[in-house]
Amino acid sequence: MSKIKIEEVSKIFGPKPKSVIPMIKDGKSKEEILAETNHTVGVYNASLDIKQGEVFVIMGLSGSGKSTFIRCFNLLNKPTTGSIFLDGEDIVKYNNEQLKKVRQEKIAMVFQHFGLFSHKTILANVEYGLEIRNVSKEERHAIAMENIENVGLKGYEDKYPDELSGGMQQRVGLARALANDPEILLMDEPFSALDPLIRREMQLELLDIQERLQKTIIFITHDVNEAFKIGDRVAVMKDGRIVQVGTPEEIIEAPANEYISEFIKDIDRSKVFQAEHVMIKPNALVSIKDGLNVAVKEMEENGISSVFVVDRGRRLQGIITIDDAIKGIKEKQTLEEVLRHDVTVVKQDEYVNDLIPKALESMFPLAVVNEEEKVVGFILRVHVLSGLVAEDINESEEYYG
C-alpha cells in the first residue's frame with residue numbers, strides 16, 4: 001500500500017523559480033541555468049511511490065539533490081512544482097496549522113549532525129517533541145524512557161550529549177524522533193559523521209528497530225554499500241533527477257545507464273545478495289522413511305557424495321554421506337542410525353557476507369530453509385568463498401562433494 005506518493009516534484013532556488021522550468025525542459029544543465037539566471041536547480045520532475053513499512057533509500061553523490069529532495073517530504077523545502085501525497089492527501093496544499101500537525105504527529109526527522117540540545121539531559125532531549133505538544137510530564141517521561149531503552153541507552157538518561165560518543169548521540173536523535181510515534185522517519189545521512197565500526201552498528205540497530213516497529217523510512221546516503229544494505233528499494237539521483245529506482249538486486253543486475261554502472265562498480269555484492277540468490281535448488285533429497293539403499297541410489301544417479309534427508313514436510317532431518325551409507329548397509333544399520341545432524345542451516349534471506357564464517361566451519365553444504373523451515377536449496381563452500389552470484393553457479397558440477 002502506498003504511504004507517500006511524489007508526483008513530478010521540482011525544487012528551484014531563486015527569486016523566480018518557475019521561470020527556469022522551460023530552460024530545464026530545453027535541456028539546459030544545472031550549471032548553465034545557474035550561470036545565466038542565478039537560480040539553482042535542486043530537484044527536477046521527481047516522482048516516487050513509497051510503500052507503507054518500506055525502508056526507501058535515496059542515494060547520490062554530493063550535489064545530486066538528495067538532501068534537498070528529502071526536505072520536500074515534510075515541506076521544509078516547499079516544492080516549486082508538483083504534489084506530495086501522504087495517505088492520499090496532497091500536503092503541498094496544507095495550511096500552516098495542518099502542516100504543523102503533520103510534522104508533530106506523522107513525520108519525524110533524524111539529522112546528520114544529531115541536532116541535540118547540549119544543555120539538556122538525554123531524557124530531556126528525547127522528551128522535547130512531546131513537551132511542545134503539551135504531553136503531561138508523567139506520560140512524556142514514560143514514553144521517552146521506553147524509546148531510550150529501545151535504542152540501547154538505558155542508564156544514560158541523566159547524561160548530557162557531550163558525555164556520549166557520536167554513535168550514542170545519534171541513538172538519542174533516533175529515540176527523540178521515535179518518541180512522537182511518527183508513521184514516517186526521514187533520515188538525512190544520519191550515520192555519515194560516525195566512524196566505520198559505529199556506522200555498521202547503527203545500520204544494524206536501525207534494521208532491528210525497523211523489524212520491531214515497521215515504520216516507513218526514507219533514508220539519504222551517498223554510500224552505495226550502506227544504501228544496498230538497508231534499503232528495500234533504492235532511488236539513485238544525479239543532478240537533481242532520479243536516474244533509477246529498484247531493489248538493490250535489480251539495480252546491480254540491470255543498471256539503467258553507464259552512470260549507474262560506474263556508481264555501483266565497487267559495491268560489496270556479498271552484502272547485497274542473499275542465500276536465495278546463490279543457492280542451488282536440490283535435485284536430490286531423501287525422505288526419512290526411505291532406506292539406505294534408496295539413499296545410495298539417489299547419490300549414484302545424481303553423481304553426488306552426500307544427500308540431505310527430509311521428513312514428509314520437507315523439513316531437514318540431517319545428511320548422509322555415501323561412505324556412511326555403504327558402511328551402514330554392510331552393518332545392517334537403518335538410515336536413522338547413520339544420519340548425521342551436524343548440518344549448518346541458514347535462512348534464505350541471510351546475506352552472503354554473513355554466510356562466510358558458517359561456510360568455513362561446516363563440513364557439509366549449507367542447507368537453505370524458508371520461513372516454514374522447509375529445505376529450498378543448498379550452498380557449497382566454494383560458492384560463498386569465491387563470491388559467486390547465482391547466475392555464475394554451474395549446476396552440473398559435483399555439488400555435494
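Let's start with contacts, meaning heavy atoms within 4.5 Å. Of the contacts in the chain with a separation of 6 or more, 65% are between residues 24 or more positions apart.

A word on the source. This is a predicted model, so local features need pLDDT of at least 70 and side-chain atom pairs count only at pLDDT 80 or more, while totals for chains, interfaces and linings use all residues. Residues are numbered from 1 along each chain as its sequence is written, and side-chain values use heavy atoms, with hydrogens and water left out.

Now the overall picture. The C-alpha trace spans about 90 × 60 × 35 Å along its principal axes. The chain holds 17 helices and 16 strands. Those are DSSP runs, numbered from the N terminus: helices are H or I with at least four residues, strands are E with at least two. The chain has 401 residues, and 49% of them are buried. Buried means under 20% relative accessible area, exposed means over 50%, and partly exposed is in between, with a 1.4 Å probe and protein chains only.

Next, the surface. Accessible area comes to about 19700 Å² for the chain, and carbon and sulfur atoms hold 46% of that. The method is Shrake-Rupley with a 1.4 Å probe; for residues, only the protein chains shown count as cover.

Let's go inside, to helix α3. Why is α3 described as largely enclosed by the rest of the structure? Because six of its eight residues, in the run 66–73, are buried. The buried ones are Lys-66, Thr-68, Phe-69, Ile-70, Cys-72 and Phe-73. Note the lysine in that list. After α3 comes Leu-75, with a positive phi, near 65°.

On to charge. Lys and Arg count as positive, Asp and Glu as negative; His and the chain ends are not counted. Each charge is placed at NZ of Lys, CZ of Arg, CG of Asp or CD of Glu. The chain carries 50 positive and 67 negative charges, and their mean positions are 5 Å apart.

Which residues gather in a patch of negative charge on the surface? They are Asp-208, Glu-211, Glu-276, Asp-349 and Glu-371. A patch takes residues with over 30% relative accessible area and no salt bridge; like charges are joined within 9 Å, and nonpolar side chains (Val, Leu, Ile, Met, Phe, Trp, Tyr) within 5 Å. Take Glu-276 from that group. Glu-276 sits in helix α12, residues 275–278. At 33% relative accessible area, Glu-276 is partly exposed.

Last topic: salt bridges. The rule is a side-chain nitrogen of Lys or Arg within 4 Å of a carboxyl oxygen of Asp or Glu. How many salt bridges does this rule give? The count is 22.

Lys-28 bridges to Glu-36 at 3.1 Å, N to O. Lys-28 is partly exposed at 32%, and Glu-36 is partly exposed at 49%.

Then Lys-101 and Glu-105, with the closest N and O atoms 3.2 Å apart. Both lie in helix α4, residues 96–105, and they are four residues apart, about one turn of the helix. Lys-101 is partly exposed at 48%; Glu-105 is partly exposed at 33%.

Next, Lys-238 and Asp-239, with 3.1 Å between the closest N and O atoms. Asp-239 is partly exposed at 35%, and Lys-238 is partly exposed at 34%.

One network to finish. Salt bridges link Lys-3, Asp-87, Lys-106 and Glu-183.
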